[in-house]
Amino acid sequence: MGKMTSLVSVVVTTYNWPEALSLVLNSLADQQDRNFEIIIADDGSGGATTRVIESFAATSPVPVKHYWHEDNGFKVAKARNGAIAMAEGELVIFIDGDCCVMPDFITRHRKAAEAGCLVSGKRVFIKQRLTKTLLARKWAFHKWPRAMLFLIALFGFTNRPFQFIRLPHNGPWLWEHEKCWRKAQTCNLGVFKADIDKIHGFDEAYQGHGWEDSDFVLRLLRSGLKRKNVEYCSPVLHLFHDRKIAQRHEGGDGASNWHRFNEHLLNDPKRYLPSAINDQNGSAKKAPSSQAEKEIA
């Protein structure tokens, strides 16, 4: 398959951390590849976030869209689905609003994209001290040379220093986890929109933090995709934050997300639709039996 040349939609999930979002948007503005749009999947942020988005959009080199719904608990699955509905790109890349990207991020995802697969990448965690400095001084650290980022990691300011050593987009290691959903997260994930539409997006039954991205990836695999794992390519740069930012309003409908994932999805090994749609269809849409048998839990 030749290189994918059409529009890319980058979905950025956010909630009430405009300072971090500003750095993330600036890193997207510095992309080498300009054939993309930005869609903010906003899980109910206040006016400060809207102002950051509007200010950025006024001078952005690429189109910017903003999906927002009222703050009614942690409902990122719904926010992402809202953003996906606005997407015009053939390929959708998911990142989080606390994850900056290096200038070749979209270029590398575009190169890795191919029919029949989803592309998962890694994240590098920036430690608290460096994060505070970056937020205060607004440094464009995403443009620092990889060698410099590698050295910073060796000195303990980030983890995973070897993620900054770029490897080519070929080799058997790309497919070592082709049927495994574990550790594939929506902070660095590329999927063709047609494949997302096939499984009807994220399962909005997940409310509260956790497991909605695992559900999403597993259902994509069950629908017939393979996972292409592009480590040592273009990791996202994850800003440090207190876990309470991500874990607000846990609980949702009273059933834990883990219980929903473990009991409702893993125990129904042929299902690839969200729970509500699957129930409406009377379990009509199922994964092929061979697909379910190869699934790695």
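Biologist: Why does Phe94 count as buried?

Modeller: Buried means under 20% relative accessible area, exposed over 50%, and partly exposed in between, with a 1.4 Å probe and protein chains only. Phe94 has 0% relative accessibility, so Phe94 counts as buried. This is a predicted model, in which local features need pLDDT of at least 70, side-chain atom pairs count only at pLDDT 80 or more, and totals for chains, interfaces and linings use all residues. Residues are numbered from 1 along each chain as its sequence is written, and side-chain values use heavy atoms, with hydrogens and water left out.

Biologist: Why does Phe202 count as buried?

Modeller: Phe202 has a relative accessibility of 2%, and therefore counts as buried.

Biologist: How many aromatic pairs are there, and what makes two rings a pair?

Modeller: Rings of Phe, Tyr and Trp (its six-membered ring) pair if their centres lie within 6.5 Å; planes under 30 degrees apart are stacked, over 60 edge-to-face, and the rest tilted. The count is 11 aromatic pairs. Among them, Phe94 and Phe202 lie 5.6 Å apart centre to centre with 85° between the planes, an edge-to-face pair.

Biologist: What makes Lys198 a charge over the face of Tyr272?

Modeller: The rule requires NZ of Lys or CZ of Arg within 6 Å of the ring centre and within 35 degrees of the ring normal. Lys198 lies over the face of Tyr272 at 5.9 Å from the ring centre.

Biologist: How many disulfides are there?

Modeller: A disulfide is a pair of cysteine sulfur atoms within 2.5 Å, and the count is zero.

Biologist: Why does Cys117 count as buried?

Modeller: Cys117 counts as buried because its relative accessibility is 3%.
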